[in-house]
Amino acid sequence: MKRGRRVAIPTTMLAIDPAEPGGPEVLVPVERPVPQPGPGEVLIRVAAAGINRPEVLQRMGLYPPPPGAPSILGLEVSGEVVAVGPDGPEELLGQPVCALVAGGGYAQYCVAPAGQCLPVPASLSMVEGAALPETFFTVWTNLFQRGGAKAGDIVLVHGGTSGIGTTAILLGRLFDLTLIVTAGSPEKCARAREIGAAHAIDYKTEDFEARVKEITGGRGVDIVLDMIGGDYLPRNIACLAEEGRHVSIAVQRGARAEVPIFDIMRRRLTLTGSTLRPRSIEFKTMVGDEIAKTVWPYVEGGRLRPVIDSVFPLAEAAAAHERMESGEHVGKIVLEVGK
């Protein structure tokens with residue numbers, strides 16, 4: 001393991017690594033060994049870690065980490081690279097980065113593949129840096145790669161004020177997409193429009209299928225980015241224009257649905273989806289390279305920054321999860337680790 005100059009790395013650290021599944025109360029700091037970076041990896045002294053819904057599911061025992069991933073929660077971090085593994089990129093030593101990881105983020109130190117690291121520019125805080133990787137990689141992979149989003153497309157995004165939803169709005173605005181989102185209150189709809197959505201539908205008081213037809217003059221949308229699943233799927237299909245693409249990224253209302261097969265055939269629709277966490281390091285590195293080329297110039301230029309809902313210290317990870325589960329947040333919830 002290579003180390004940067006004058007950087008003292010302890011042997012143990014504080015981390016959130018619950019021994020048993022349960023409610024937010026299981027999220028208490030414990031002492032764990034500082035991980036060692038392997039070939040092609042870096043060790044990050046964590047400043048902040050983003051909170052994501054898959055971590056809530058993992059805490060509940062519903063989404064185990066993939067083989068080889070640490071049991072410590074956390075899928076994205078920001079911080080300083082303090083060591084690199086064998087044949088690692090020495091030029092990253094001492095650099096502020098944010099990183100997508102398969103686990104281990106809720107800790108004072110975290111190992112990340114070098115190819116899944118992106119620089120945190122001076123224009124962003126470390127809290128903002130920690131709020132970028134998971135949602136940016138997810139939205140880029142699903143909306144732009146699998147969904148084939150291009151300038152002029154109309155996109156329906158459910159959960160418009162979630163971390164994924166706000167990221168889709170921000171990227172859609174940069175790449176000339178028209179975003180229609182759903183949210184659960186007039187206040188959330190107003191915030192979504194402030195962030196950049198063209199239209200926001202209160203799904204509790206409005207029929208989103210009817211509203212989409214009204215907004216688009218009956219044409220429908222080019223893409224649906226859906227994290228709801230279940231009985232939303234046939235309604236989403238009804239919202240699609242001819243040649244439309246439906247991209248599933250989560251199944252909050254259930255993993256099964258009945259679909260109108262002939263309608264899919266007649267209108268030449270595409271149903272696809274993906275999960276990011278189990279994908280290979282090579283795939284995630286490729287996505288990171290694309291984001292570095294196409295999105296990061298906007299981040300570095302100050303034109304793109306995440307929407308932050310709230311910040312909690314590492315010791316209050318339980319409160320952060322309670323905030324996530326309340327559904328009241330707008331944008332990203334972040335743990336501040338480095339203080």
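Analyst: A polar contact is a pair of N or O atoms within 3.5 Å; within protein, one must be able to donate a hydrogen and the other to accept it, and residues adjacent in sequence count only if both atoms are side-chain atoms. The model is predicted, so local features need pLDDT of at least 70 and side-chain atom pairs pLDDT 80 or more, while totals for chains, interfaces and linings use all residues. Residues are numbered from 1 along each chain, and side-chain values use heavy atoms, without hydrogens and water.

User: What lies 2.7 Å from a polar atom of the side chain of Thr138?

Analyst: The backbone oxygen of Glu134 does. The limit for a polar contact is 3.5 Å.

User: Why is Thr138 called buried?

Analyst: Buried means under 20% relative accessible area (exposed is over 50%, partly exposed in between; 1.4 Å probe, protein chains only). Thr138 has 9%, so it is buried.

User: Which residues of helix 4 make the contact with helix 3?

Analyst: Gly163, Ile164, Thr167, Ala168 and Leu171 do; contact means heavy atoms within 4.5 Å. Thr138, in helix 3, is in contact with Ile164, Ile249 and Leu276, leaving aside its neighbours within four places in sequence.

Notes:
Helix = DSSP H or I, 4+ residues; strand = E, 2+ residues; numbered from the N terminus.
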